[in-house]
Amino acid sequence: FPSPTQGPETEICDDWKAHVQPDLHDWFQSASSLVSEDVKAMKKKTSYFSLNFPTAHIDGWLNALNQARLALATLYNLEEEDLNRSPMLSEDPERTMVILKVDFYALIQQCLLEHLEQEDGIV
């Protein structure tokens, strides 16, 4: 996990590591495990796969997808400008694929949030 501050505030960083990181790690791990179990239950149809999971799992999916997006952005040093332009403008095919993945995960998150809004009667 990155430092919660940009400066040398060691007391804040120590508190973060002792009190926040363990819970975040557990929360992230439980979301990843939930998504993994849902994906393992995916059914193969004739020419495609079908993935169904309970609405109660949506929070875990949102969490795991956000983790994946943040991890990719960090691993590939993506900046705001990278994520706000067409990925096809990148000269690097690997970087283009990473930006497409980040965008795809965001689209899935958007669809999940829209599903939740419809269930709550929010339009």
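Before I start, one cut-off: angles of 65 to 115 degrees between axes count as roughly perpendicular, and those over 145 as roughly antiparallel. I also note that this is a predicted model.

Entry 1, helix 1 against helix 2. I looked up the angle between helix 1 (residues 10–40) and helix 2, and found about 105°, with the axes 8 Å apart. The two helices are therefore roughly perpendicular to each other. On the helix 1 side I listed Trp27, Phe28, Ala31, Ser32, Leu34, Val35, Asp38 and Val39 as making the contact. Helix 2 answers with Gly60, Trp61, Asn63, Ala64 and Gln67. By class, I get eight nonpolar residues, four polar and one charged in the contact of helix 1 with helix 2.

Leaving out residues up to four places away in sequence, I found Asp38 touching Leu51, Phe53, His57 and Trp61. I also checked Pro54, which is 16 residues along the chain from Asp38; their C-alpha atoms are separated by 9.1 Å.

Helix 2 (residues 58–75) packs on helix 4 (residues 93–119) at about 160°, and I read 10 Å between their axes. That pair is therefore roughly antiparallel, and I noted the crossing as left-handed. From helix 2, the contact includes Ile58, Trp61, Leu62, Leu65 and Leu72. From helix 4, I picked out several residues, among them Val98, Tyr105, Ile108, Gln109, Leu112 and Leu116. The class count for the contact of helix 2 with helix 4 is 14 nonpolar, three polar and two charged residues.

Which residues make up the largest nonpolar core? I wrote down seven: Val35, Ile58, Trp61, Leu62, Ala64, Leu65 and Leu112. Helix 2 gives the most to this core, with five residues.

Key:
Residues numbered from 1 in each chain as written. Predicted model: local features only at pLDDT ≥ 70, side-chain atom pairs only at ≥ 80, totals over all residues. Heavy atoms only, no water. Axes fitted to C-alpha atoms, helices over the stretch in contact; angles between N-to-C directions. Helix = DSSP H or I, 4+ residues; strand = E, 2+ residues; numbered from the N terminus. Parallel < 35°, antiparallel > 145°, perpendicular 65-115°, else oblique. Left-handed = near helix turned anticlockwise from the far one by under 90°. Contact = heavy atoms within 4.5 Å. Nonpolar A, V, L, I, M, F, W, Y, C, P; charged D, E, K, R; others polar. Core = buried A, V, L, I, M, F, W, Y, C linked by side-chain atoms within 4.5 Å. Buried < 20%, exposed > 50% of the residue type's maximum accessible area, 1.4 Å probe, protein only.
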